[in-house]
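Visitor: I would like to learn how to read a structure like this one, starting from the overall fold and ending with charge pairs. Please give the idea, then the case.

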Amino acid sequence: EAGVVQSPRYKIIEKKQPVAFWCNPISGHNTLYWYLQNLGQGPELLIRYENEEAVDDSQLPKDRFSAERLKGVDSTLKIQPAELGDSAVYLCASSYDSSKQFFGPGTRLTVL
Amino acid sequence: GQQLNQSPQSMFIQEGEDVSMNCTSSSIFNTWLWYKQDPGEGPVLLIALYKAGELTSNGRLTAQFGITRKDSFLNISASIPSDVGIYFCAGNYGGSQGNLIFGKGTKLSVKP
């Protein structure tokens, strides 16, 4: 069974530029999560989807971050414009039920 | 955001030694999970615990769901070099609040 796929794996951009991350969850997993992981910290939730509905986006900085999961399968997370403090690893996870979440390899973003 | 108290922060041990780490929370969780993260990769699920007092093993790893439901422990027996990495605990309230709350991680180094 294929795991959670994320792309790109690495991204370097200049501040104020836009950036987008893509995630394809494990087949059959209706719940998709985007997490932010800063250096030396555990992941922190940005947004959770149940199928195509964003059921928890309370931690998503909506002034610059947006996400979509239009067909209830893959998802895109966007930052526009990026700031220096956005440098981090962006992790996507999926689950069949919320008790076990499986993570992708992450996208390491560096904002210069 | 909220994070769990995970200790120790780091451990330097000799190959063959046993390892213990723990996680505590001010809140009651319905599920405890333990993940391992290698550099440049996403967290990989090691063990999931669903009931207070539950003791579950996965090879040389053993984890327990604390009786108070506010803590969990992970033990690694007879450590080997490939055990090196960062171990994260995560708690889940369950139900509609299916988001994971993570600890800050325990960095394990194993000296051959």
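Guide: Of the 112 residues of chain B, 48% count as buried. Keep in mind that this is a predicted model.

Visitor: Which secondary structure elements does chain B contain, and how many?

Guide: Chain B has 11 strands and zero helices. Read from the N terminus, its elements are β-β-β-β-β-β-β-β-β-β-β. The radius of gyration of chain B is 13 Å, close to the 13 Å from the globule rule for 112 residues, so the chain is as compact as a globular protein of that length. Along the principal axes, its C-alpha atoms fill a box of roughly 45 × 30 × 20 Å.

Visitor: What share of the contacts in chain B with a separation of 6 or more comes from residues 24 or more positions apart?

Guide: That share is 54%.

Visitor: Where do A:Arg9 and B:Glu41 lie, and what does the pair join?

Guide: A:Arg9 and B:Glu41 form a salt bridge, their closest N and O atoms being 3.8 Å apart. A:Arg9 is in the loop between strand 1 (5–7) and strand 2 (10–13) of chain A, and B:Glu41 is in the loop between strand 4 (31–37) and strand 5 (44–49) of chain B, so the pair joins two chains. A:Arg9 is partly exposed at 30% relative accessibility, and B:Glu41 is partly exposed at 40%.

Visitor: Is B:Lys36 buried or exposed?

Guide: B:Lys36 is buried, with a relative accessible area of 12%. Its salt bridge partner is B:Asp38, with the closest N and O atoms 2.8 Å apart. B:Asp38 is partly exposed at 35%.

Visitor: Which residues do salt bridges with shared partners join into one network?

Guide: A:Arg64, A:Glu83 and A:Asp86 are joined in this way. A:Arg64 is buried at 14% relative accessible area, whereas A:Glu83 is partly exposed at 41%.

Definitions and conventions: Residues are numbered from 1 along each chain as its sequence is written. Chains are lettered from A and ligands numbered from 1 in the order in which they are written. This is a predicted model: local features need pLDDT of at least 70, side-chain atom pairs count only at pLDDT 80 or more; totals for chains, interfaces and linings use all residues. Side-chain values use heavy atoms; hydrogens and water are left out. Helices (H or I, at least four residues) and strands (E, at least two) are DSSP runs, numbered from the N terminus. The radius of gyration is taken over C-alpha atoms; the globule rule is 2.2 Å times the number of residues to the power 0.38. Buried means under 20% relative accessible area, exposed over 50%, partly exposed in between (1.4 Å probe, protein chains only). Contact means heavy atoms within 4.5 Å. A salt bridge is a side-chain nitrogen of Lys or Arg within 4 Å of a carboxyl oxygen of Asp or Glu.
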